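Reader: I'd like to go through how a few labels get assigned here. Could you take me through them one at a time?

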Amino acid sequence: MSQFWKAWQRRKETLQSQSLNLHADKSMESVSDLILSEDVSENVSLIREELGKCDDLVIRRFQNKDNKDCAIFFLDGMVDRNIISDFIIRYTTTTDVTYEGPATNELEGTDSLRQVIRNILSGTAVLLVDGNSQAYLNNTRGWDRRSVEEPQTESVVRGPRDGFCETLCVNSALIRFRLKDPNLRVRHMVVGQRTQTDIYVMYIEGLAHQPIVEEIMSRIEKINVDAILESGYIEQMIQDRRWSPFPQIQNTERPDKVVANLLEGKVGILVDGTPFGLIAPAVFSQFYQSPEDYYERFYIATLIRFIRVISISIALLLPSLYIAFSSFHPEMIPSRLVIAMAAGRSTVPFPSLVEALFMELAIEILREASVRLPGPIGPTIGIVGALVVGEAAVSAGLVSPVMVIIVAVTTIGSFASPSYSAAIAIRMLRFPVMLLAGMFGLYGIMLFLIVILVHLSSLKSFGVPYMSPLSPLNLLGMRDLFVRVPHHLMKTRPSMFHVHDKVRMREEDKP
């Protein structure tokens with residue numbers, strides 16, 4: 001009885017991932033859309049042919065209590081064999097397999113070969129009984145999976161320590177654990193003709209703007225590709241402006257972050273096989289905010305946000321300002337500092353632009369190498385490599401000491417961004433602004449900033465202006481932009497997402 005209860009619980013958790021929709025049928029065009037026959041031997045041969053006689057396909061033949069031939073199919077390594085032996089086979093040999101029996105919540109029936117093949121490939125055990133054209137689908141998924149651990153890319157000092165893993169049903173349960181709202185909707189989709197990747201689209205009915213939800217689901221349905229191996233595939237295929245360096249959909253490993261955005265009327269997208277969920281629509285400001293901003297007191301969060309803004313500005317503009325001042329506008333630098341910089345550059349044979357490009361490129365190479373190296377070695381190589389390269393470059397007269405300081409501060413500033421994808425955009429844009437500063441000085445920097453601001457103002461994420469609430473200007477929305485006001489003053493949700501229930505704190509609920 002305990003085995004039956006365990007299997008029933010697993011079936012309940014993954015009921016939606018077992019269900020097959022029209023999109024799933026379209027994604028398996030290579031599989032014959034045939035109806036199973038009542039002959040078990042004929043069905044066994046048909047299924048083996050469709051799966052190419054794979055060696056990891058296990059077929060167990062036995063007889064039920066009425067001495068009818070039965071066959072059960074599953075893929076080795078993807079199922080829990082104890083459930084198959086102790087529950088399915090034992091139950092079949094002693095009881096009639098019927099939808100009205102005690103296994104109602106554990107069995108689904110189908111006579112479609114296409115659905116049978118997809119369920120076998122998804123880790124389901126398929127039972128066939130002679131004289132019956134129905135195949136019984138049993139949830140027996142039991143492959144090894146990574147447990148819930150602390151997120152690797154979004155660590156916080158104060159906040160929950162659990163993060164998404166690679167199993168879709170576990171990730172959705174982490175959200176359900178925090179959001180016990182009956183209006184939370186989970187829509188199941190399947191994308192990828194060969195990978196048949198399960199996707200959950202999650203939103204709160206009554207908060208999320210329905211046209212945005214429908215647009216997101218429509219774009220996902222239009223994806224026609226062989227494989228979806230990570231949520232980054234979905235992100236790149238459904239965003240509005242694919243050539244923009246700025247991310248228009250946010251990715252995260254943190255379930256609390258997804259829940260917070262769902263409560264603002266946004267949509268969450270979970271993809272099977274990856275610990276990164278997606279949040280859409282997204283605006284520019286949310287990439288530089290952290291869940292920790294709401295767990296700390298408001299003045300601490302405000303200070304941290306100002307530090308992030310300064311750090312991002314340094315990461316983008318500091319090398320360019322050095323190039324512009326030293327090459328075009330030395331009169332704007334204090335006299336003593338000019339003398340010190342000139343003394344440091346006296347042995348450097350290159351202009352400041354070449355000097356900055358050389359150091360920035362060296363730092364980017366070291367940063368990428370430290371990421372790709374094994375865990376214990378990576379940080380050591382990054383620190384030692386930067387010290388050795390910087391000291392050697394100064395000793396050889398290739399760069400000035402001031403440039404080493406500027407590059408170091410710039411690199412540290414780029415680490416202050418909570419979002420890796422947003423930090424990558426800043427790192428990438430640093431090089432063109434350096435080139436413009438080397439050619440036109442401060443005028444080049446201003447030209448670059450104008451172009452970037454115009455581009456950001458033109459971006460939209462599923463119809464939501466990317467620069468909201470700055471453009472168009474929304475004074476109420478700016479309560480949670482640079483300054484995070486106390487919670488009791490944020491009584492309404494952001495209006496740019498067109499939420500239906502705008503009030504998040506009623507007057508009687510205010511402390």
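This is a predicted model: local features need pLDDT of at least 70, side-chain atom pairs count only at pLDDT 80 or more; totals for chains, interfaces and linings use all residues.

Reader: What makes S4 and strand S5 (residues 135-139) a pair?

Author: Two strands pair if DSSP finds at least two bridges between them. Five bridges join S4 to S5, and the two run antiparallel, so they pair under that cut-off.

Reader: How do you know that strand S2 (residues 69-75) pairs with S4 too?

Author: Four bridges join S2 to S4, again antiparallel. Cys70, for one, has Val129 in S4 as its bridge partner.

Reader: Why is strand S4 (residues 124-129) called largely enclosed?

Author: Because six of its six residues are buried, meaning under 20% relative accessible area with a 1.4 Å probe, protein chains only. Thr124, Val126 and Leu128 point one way, Ala125, Leu127 and Val129 the other, and all are buried.

Reader: Why is Ser231 called buried?

Author: Its relative accessibility is 2%, and the limit is under 20%, so Ser231 counts as buried.

Reader: What does the side chain of Ser231 reach?

Author: The backbone oxygen of Phe276, at 3.0 Å. Ser231 is also in contact (heavy atoms within 4.5 Å) with residues including Val271 and Leu278, leaving aside neighbours within four places in sequence.

Note on methods:
Residues are numbered from 1 along each chain as its sequence is written. Side-chain values use heavy atoms; hydrogens and water are left out. Buried means under 20% relative accessible area, exposed over 50%, partly exposed in between (1.4 Å probe, protein chains only). A polar contact is a pair of N or O atoms within 3.5 Å; within protein, one must be able to donate a hydrogen and the other to accept it, and residues adjacent in sequence count only if both atoms are side-chain atoms.
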